[in-house]
There are 6 protein chains.
Amino acid sequence: MRILWNEATSGPPEMAPVWQALREYFPRVARPDTEVVLRHLPVSGNYVRSLYTELLNNRAVVENAIAAEREGFDAVVLGCWADPLWEAREVVDIPVVGIGEAAMLLATTLGYKFAVITVAPGVVPTIALDLRLYGLEDRAISRPVRSLDPPSDLGLLVESVTNPERLLSNFERVARQCIADGAEVIVVGCGYYGPILTLHGYHEVPGTGVPVVDCSAAGLKLAEALVDLRRSTGLRKSTALFFRSPPREVLDRVRRAHGLEGTSGAP
Amino acid sequence: MRILWNEATSGPPEMAPVWQALREYFPRVARPDTEVVLRHLPVSGNYVRSLYTELLNNRAVVENAIAAEREGFDAVVLGCWADPLWEAREVVDIPVVGIGEAAMLLATTLGYKFAVITVAPGVVPTIALDLRLYGLEDRAISRPVRSLDPPSDLGLLVESVTNPERLLSNFERVARQCIADGAEVIVVGCGYYGPILTLHGYHEVPGTGVPVVDCSAAGLKLAEALVDLRRSTGLRKSTALFFRSPPREVLDRVRRAHGLEGTSGAP
Amino acid sequence: MRILWNEATSGPPEMAPVWQALREYFPRVARPDTEVVLRHLPVSGNYVRSLYTELLNNRAVVENAIAAEREGFDAVVLGCWADPLWEAREVVDIPVVGIGEAAMLLATTLGYKFAVITVAPGVVPTIALDLRLYGLEDRAISRPVRSLDPPSDLGLLVESVTNPERLLSNFERVARQCIADGAEVIVVGCGYYGPILTLHGYHEVPGTGVPVVDCSAAGLKLAEALVDLRRSTGLRKSTALFFRSPPREVLDRVRRAHGLEGTSGAP
Amino acid sequence: MRILWNEATSGPPEMAPVWQALREYFPRVARPDTEVVLRHLPVSGNYVRSLYTELLNNRAVVENAIAAEREGFDAVVLGCWADPLWEAREVVDIPVVGIGEAAMLLATTLGYKFAVITVAPGVVPTIALDLRLYGLEDRAISRPVRSLDPPSDLGLLVESVTNPERLLSNFERVARQCIADGAEVIVVGCGYYGPILTLHGYHEVPGTGVPVVDCSAAGLKLAEALVDLRRSTGLRKSTALFFRSPPREVLDRVRRAHGLEGTSGAP
Amino acid sequence: MRILWNEATSGPPEMAPVWQALREYFPRVARPDTEVVLRHLPVSGNYVRSLYTELLNNRAVVENAIAAEREGFDAVVLGCWADPLWEAREVVDIPVVGIGEAAMLLATTLGYKFAVITVAPGVVPTIALDLRLYGLEDRAISRPVRSLDPPSDLGLLVESVTNPERLLSNFERVARQCIADGAEVIVVGCGYYGPILTLHGYHEVPGTGVPVVDCSAAGLKLAEALVDLRRSTGLRKSTALFFRSPPREVLDRVRRAHGLEGTSGAP
Amino acid sequence: MRILWNEATSGPPEMAPVWQALREYFPRVARPDTEVVLRHLPVSGNYVRSLYTELLNNRAVVENAIAAEREGFDAVVLGCWADPLWEAREVVDIPVVGIGEAAMLLATTLGYKFAVITVAPGVVPTIALDLRLYGLEDRAISRPVRSLDPPSDLGLLVESVTNPERLLSNFERVARQCIADGAEVIVVGCGYYGPILTLHGYHEVPGTGVPVVDCSAAGLKLAEALVDLRRSTGLRKSTALFFRSPPREVLDRVRRAHGLEGTSGAP
């Protein structure tokens with residue numbers, strides 16, 4: 001199967017080591033018959049740490065999802081926690097997976113209470129609101145979303161691809177606070193650090209029995225499962241209420257008004 | 001005080017009777033010293049009945065909010081339930097009011113359980129998710145957001161400005177079902193029908209003692225209150241976590257990447 | 001408009017500086033066309049720090065609300081968190097505002113999670129139960145109501161009118177604990193300290209971006225808004241279930257049995 | 001043991017058949033070594049179907065509880081759902097039992113979801129708020145408190161003492177609606193009808209397997225249990241926060257201000 | 001009345017001091033006319049600190065409950081928090097009491113928020129899940145179930161029968177943390193330590209006003225109350241949904257398949 | 001990979017068409033490299049429609065899970081909603097999947113609100129309690145678990161393998177009630193009917209846009225994903241609290257006491 005992996009930035013060259021790492025990562029986590037195509041956004045502010053900057057970014061993210069469907073991809077994974085999962089799911093008929101949703105659902109099968117550790121305080125509201133909308137608060141600890149402290153920056157990110165020491169000491173300090181507050185599972189709240197930790201073979205907070213969920217791997221597995229189920233059982237998203245697309249002609253009209261190609265990929 | 005009223009469409013001429021009605025309406029509901037400036041969006045698909053079409057619309061809505069601050073307005077009211085309340089609040093320092101939030105908060109002071117009646121099934125998810133994020137589910141009935149049935153269309157909307165009979169019979173049929181399910185207050189889930197009902201003097205489901213909350217009036221009153229409080233007590237939004245704006249230079253950089261004027265109005 | 005401000009004590013002379021401060025305060029917070037009339041109770045134990053002592057006090061509070069309606073006031077504000085909001089709202093037709101309800105609703109528009117700081121441990125249960133009944137627990141931090149420590153006493157109260165230093169160091173110590181536990185907004189849980197802080201220009205926990213909500217100002221603004229809405233749109237409380245008054249003849253009979261003037265003000 | 005049964009009216013003579021029934025009832029439900037003393041209020045409006053009329057009544061109810069402690073009773077049962085349970089519990093050290101709380105707690109041991117059927121719509125808010133404060137909403141059906149329809153009146157009440165037919169057809173019609181909505185247990189929401197149904201041997205909605213909980217019996221059993229536990233294990237109410245009495249001297253001062261005997265019974 | 005007290009182990013001789021203590025305990029807590037028969041399990045792993053080992057144990061526990069009914073006991077108390085309360089209640093018609101359920105329900109009448117202190121981390125999940133299923137989370141503190149630290153072992157248990165010093169210092173250290181987190185009542189989360197503390201006259205965390213609930217006493221009192229109510233009012237469990245027994249012939253067939261005596265005691 | 005599929009009965013011959021159907025089904029739903037081994041229980045009452053009969057059954061189910069691990073299976077799927085998911089997960093280190101948990105988690109990605117339709121009223125409590133423990137109530141409709149009506153029996157089950165007409169008319173009648181109550185997704189609450197519907201190509205309630213989730217397919221996909229993740233990222237269950245196995249020597253001792261082979265498969 002072919003899966004489009006939507007990366008939520010324009011792919012700035014200073015992050016090249018991360019893109020390289022992701023390209024190494026996908027074949028290690030995907031099934032042999034799964035091809036993962038990494039695609040950046042044509043335009044992006046490359047900053048998802050606020051509700052507003054996400055809003056600006058989200059338009060291009062959904063465009064990628066619509067394009068994926070038109071190009072015959074079997075599924076699309078929105079590769080950032082801040083991505084517009086429900087908006088994309090609404091207008092696209094192929095499976096649309098959010099790595100945050102996938103990771104949190106998976107976490108509930110590994111222990112009773114989970115926590116999410118993300119990269120910066122500015123991402124906390126996004127994830128906290130998603131957690132609430134997903135209805136999973138009872139399975140998370142109090143103050144369920146916490147940030148690396150100090151927050152991640154480009155330096156830490158690129159450095160961690162090859163040398164995770166500074167990342168790990170930061171991550172584990174926060175993780176141990178979560179564990180003290182009742183967390184049995186830690187979810188990595190970032191589509192880059194999940195793969196980076198996996199590439200370094202890191203999957204448990206040492207000595208605690210607490211697994212660390214790589215959100216990107218969780219998202220990829222959910223995408224594969226949804227494609228399988230669609231093929232084998234015909235299962236699709238509900239079009240009854242929340243994820244019902246507007247009529248095609250409305251969609252096309254609205255998109256044209258916003259300067260977007262008039263024909264959406266929705267069936 | 002001067003309040004910018006953001007209207008969530010491009011102001012299509014076929015809705016001219018509605019714009020005229022709103023212009024009559026504001027002075028009837030605003031305080032004498034409040035000037036309400038109605039402003040449409042420069043670009044809009046004029047369709048808010050889906051999560052996706054809202055996403056496309058929301059960019060321009062926040063632009064209006066940013067412009068309002070720069071132009072010296074005292075507050076901005078987002079005049080549609082589907083508007084990006086928290087995104088705008090994040091990047092703007094003056095009070096930003098959502099008519100849905102305002103109306104539902106107000107409703108909790110008028111009775112114990114409320115319900116929202118909106119214009120079409122496609123708007124239900126937006127409002128239902130907001131209701132959940134606002135934490136007000138315990139104050140609303142089960143299945144708290146319901147739609148006019150049949151849904152509203154342009155014909156009903158324009159007709160209702162002068163003749164509300166068809167609207168009222170539709171609205172009251174749904175309202176009485178809500179009341180049978182425990183609603184003590186009905187909130188009008190549309191920034192047009194709220195004012196239209198008010199202009200017709202309609203404020204209670206006849207014979208039931210159940211008040212009907214005009215969401216636009218609620219929003220305007222909250223805006224006035226927030227401006228008053230800012231002037232008299234200095235009260236502003238929190239910048240501690242959810243509504244904290246990114247740093248100015250980040251905001252400007254992100255906006256430029258998206259083709260928006262480089263200097264935001266945020267302080 | 002004319003608003004009766006019900007003060008929940010008999011107005012003991014040793015608190016004269018507070019009464020004087022309130023009289024200075026109202027015109028600063030109210031709109032120019034709003035007249036606020038401060039009225040004490042004819043009889044009071046002057047102690048609201050227990051569920052039981054409130055019960056004794058509440059009879060006179062509702063009498064004041066009934067009298068306000070009969071005397072033609074446009075609204076009544078119950079000026080203490082411990083006041084019988086729903087009981088008064090039930091039997092009075094003009095808007096009845098509780099400063100606690102008003103402040104907590106307002107707080108939800110300024111940040112995601114709020115906390116309340118009140119004057120003494122004995123007031124915590126009252127406010128905590130109200131918070132629960134208002135359905136706002138999801139918008140407040142864990143252990144959402146906390147007390148000044150050491151508790152306030154007459155000395156601190158009167159001193160703070162002119163010199164708030166001791167109050168502020170106490171208040172901020174508690175506030176910073178709330179902020180560490182996730183609070184983005186602090187609500188002042190006392191109808192005296194709210195105005196006192198406002199008169200001293202205090203509206204934010206310094207250096208935190210966390211606003212401090214003066215509950216009395218919030219209550220006054222809600223009262224003004226409700227009066228406006230009643231005049232401009234006809235909006236009134238629901239009489240469907242929770243706030244439905246008993247029939248007038250029953251009310252009169254019951255009141256006479258309790259030695260109260262036989263004719264209530266309820267319409 | 002000796003238990004004071006606080007009856008929430010002044011004991012009007014037209015209800016004499018009810019008082020007689022209660023006097024027959026207590027020895028049938030109480031343990032042989034339990035003496036139940038029925039005591040009316042010296043003053044009452046004899047109407048508990050509103051939050052406000054209860055407020056007026058509650059003062060005398062707590063006086064009875066305080067008197068019970070002073071007179072050496074082992075416990076006091078507040079014999080009406082509308083009684084001020086927490087206020088009384090706060091200032092009295094002997095066990096204070098509410099029949100509503102007792103019945104709803106008991107109901108949770110008999111099935112998963114319960115419903116309460118009370119006498120009139122005006123009592124619904126009181127019980128619904130108590131249910132919420134007791135934290136038992138998850139164990140009750142949606143719209144958990146319902147009313148006899150038509151509401152009970154004096155005629156039905158007195159008639160039911162000797163002839164329950166009209167009561168039963170009304171009660172069962174409502175009960176079957178509750179059962180259709182998921183109720184596995186029905187709690188009788190009235191301190192008179194509970195005993196009357198018991199005296200008639202009625203304890204299950206016929207043919208449904210759904211037990212009917214006599215709230216008064218539940219309250220009496222909880223009182224006996226609490227007295228037992230106090231004697232055998234020393235168990236008492238918590239004085240840590242919610243049920244902590246104000247200091248004695250404060251209590252006496254407040255009570256005197258309200259014209260009540262200066263010395264409370266609290267230790 | 002005669003009550004079977006199901007003890008959840010095979011009664012290993014090294015715990016003889018505990019069995020002796022229980023036998024002294026029952027008459028001190030039970031009513032004079034109540035006979036409590038202590039019965040161990042014929043087979044047990046004598047380890048309830050895991051969901052799995054409980055599962056193995058639970059079969060014999062329900063057998064004891066079925067036998068109790070057949071032998072004419074009036075009620076059965078499951079004497080361990082880990083016991084299969086709802087499974088037993090389903091197939092037995094006499095009252096079946098769980099000491100955990102009884103203690104937590106009772107605790108809600110003594111203060112607003114309770115906590116449970118149990119013997120070891122392995123028991124925490126069992127109790128936490130029960131607390132959630134009972135719907136009582138809102139009446140308990142955050143992280144409501146905590147363990148003695150270090151965990152209890154046989155040495156501590158037997159020693160505490162005669163000398164509770166080491167137990168108390170451990171228990172109180174945990175209890176004071178619970179109190180700091182808002183607990184107003186502490187429930188002893190173990191059917192042995194409850195009685196042991198009672199035998200030592202311990203019923204309050206010293207100096208805090210926080211009562212300590214002996215779960216076994218709570219269970220015994222609930223059993224007595226349920227037997228009383230069944231006799232005086234006819235009240236039984238609901239057979240409507242959750243606690244409805246399979247048909248007798250099915251039950252017998254299933255039991256025979258599992259090598260159990262073919263005739264259950266269920267009516 | 002090799003997955004053990006635990007079937008929750010002894011495999012009675014009268015159900016042979018079902019076993020045959022399952023054997024046809026697995027290769028259609030599993031990935032080509034997944035081998036699914038169907039295994040019945042050595043002893044079973046073949047009745048899971050009660051909490052008690054499940055308890056009897058669960059011992060053998062966990063034995064199968066333990067055996068699966070010892071025999072080198074990569075994962076075990078508990079093929080019935082009534083299976084002891086957490087007990088098995090606790091003592092087994094390989095992934096243990098419950099079809100109910102898997103299906104309900106999956107359902108949350110397909111629409112906002114789901115409902116479960118199961119085979120008989122006696123299964124409703126099991127599923128309802130699981131739904132509550134999984135923390136998913138906010139994503140399900142009110143009264144989220146409903147039964148075929150009339151309930152399924154052997155005749156309907158076997159008939160449906162070849163002719164699903166009678167099943168479908170029953171299922172759809174209930175499904176449409178769920179949809180009327182807000183369900184956007186229907187989960188098949190039975191490990192037999194899920195596959196049977198899939199084999200008949202049934203995956204949507206006709207004309208509604210509401211997908212029907214085959215729980216068994218969902219379970220199989222989750223098992224494959226967990227095995228993948230364990231291999232590629234090292235991810236395992238948490239051993240921090242809820243799913244922590246007792247020490248090996250304890251486990252062996254307990255199992256021997258219950259007549260089970262002394263050496264468990266847990267590491």
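Guide: We begin with a pair of charged side chains: K221(A) and D228(F) meet in a salt bridge, with 2.7 Å from N to O. The term denotes a side-chain nitrogen of Lys or Arg within 4 Å of a carboxyl oxygen of Asp or Glu. Please note that this is a predicted model, in which local features need pLDDT of at least 70 and side-chain atom pairs count only at pLDDT 80 or more, while totals for chains, interfaces and linings use all residues. Residues are numbered from 1 along each chain as its sequence is written, chains are lettered from A and ligands numbered from 1 in the order in which they are written, and side-chain values use heavy atoms, with hydrogens and water left out.

Visitor: How many salt bridges and polar contacts are found across the interface of chain F and chain A?

Guide: The rule finds two salt bridges across that interface. It also finds 20 residue pairs in polar contact, both residues being at pLDDT 80 or more. A polar contact is a pair of N or O atoms within 3.5 Å; within protein, one must be able to donate a hydrogen and the other to accept it, and residues adjacent in sequence count only if both atoms are side-chain atoms.

Visitor: Which elements of chain F give two or more residues to the side that touches chain A?

Guide: They are α1 (16–29), α3 (85–91), α4 (99–107), β9 (210–213) and α9 (215–233) of chain F. The most comes from α9(F), with eleven residues. Helices (H or I, at least four residues) and strands (E, at least two) are DSSP runs, numbered from the N terminus.

Visitor: How is the size of such an interface expressed?

Guide: The size of an interface is often given as the accessible area lost when the parts come together. Here the area buried between chain F and chain A is about 4,000 Å², and carbon and sulfur atoms give 64% of that area. Buried area is the accessible area (1.4 Å probe) that two parts lose on being put together, summed over both. Chain F and chain A each bring 50 residues to the contact, where contact means heavy atoms within 4.5 Å.

Visitor: What are the corresponding values for chain E and chain D?

Guide: The contact takes 50 residues from chain E and 50 residues from chain D, with a buried area of about 4,000 Å², 64% of it from carbon and sulfur atoms. Two salt bridges are counted between these chains; D228(D) forms a salt bridge with K221(E), their closest N and O atoms being 2.7 Å apart. The interface also has 20 residue pairs in polar contact.

Visitor: Which chains do not touch?

Guide: Among them are chain A and chain D, whose nearest C-alpha atoms are 14 Å apart. Chain B and chain E likewise do not touch, and their nearest C-alpha atoms are 14 Å apart.

Visitor: Is S216(C) buried or exposed?

Guide: S216(C) counts as buried because its relative accessibility is 0%. S216(C) lies in helix α9 (residues 215–233) of chain C. Not counting residues up to four places away in sequence, S216(C) touches W5(C), Y25(C), I99(C), G191(C) and P195(C).

Visitor: What does R253(B) contact, apart from its neighbours within four places in sequence?

Guide: R253(B) is in contact with G45(A), N46(A) and Y47(A). A polar atom of the R253(B) side chain lies 2.8 Å from the backbone oxygen of G45(A). R253(B) belongs to helix α10 of chain B and counts as partly exposed, at 38% relative accessibility. In helix α10 (residues 248–257) of chain B there is also L251(B), which counts as buried at 1% relative accessibility.

Conventions. Buried < 20%, exposed > 50% of the residue type's maximum accessible area, 1.4 Å probe, protein only.
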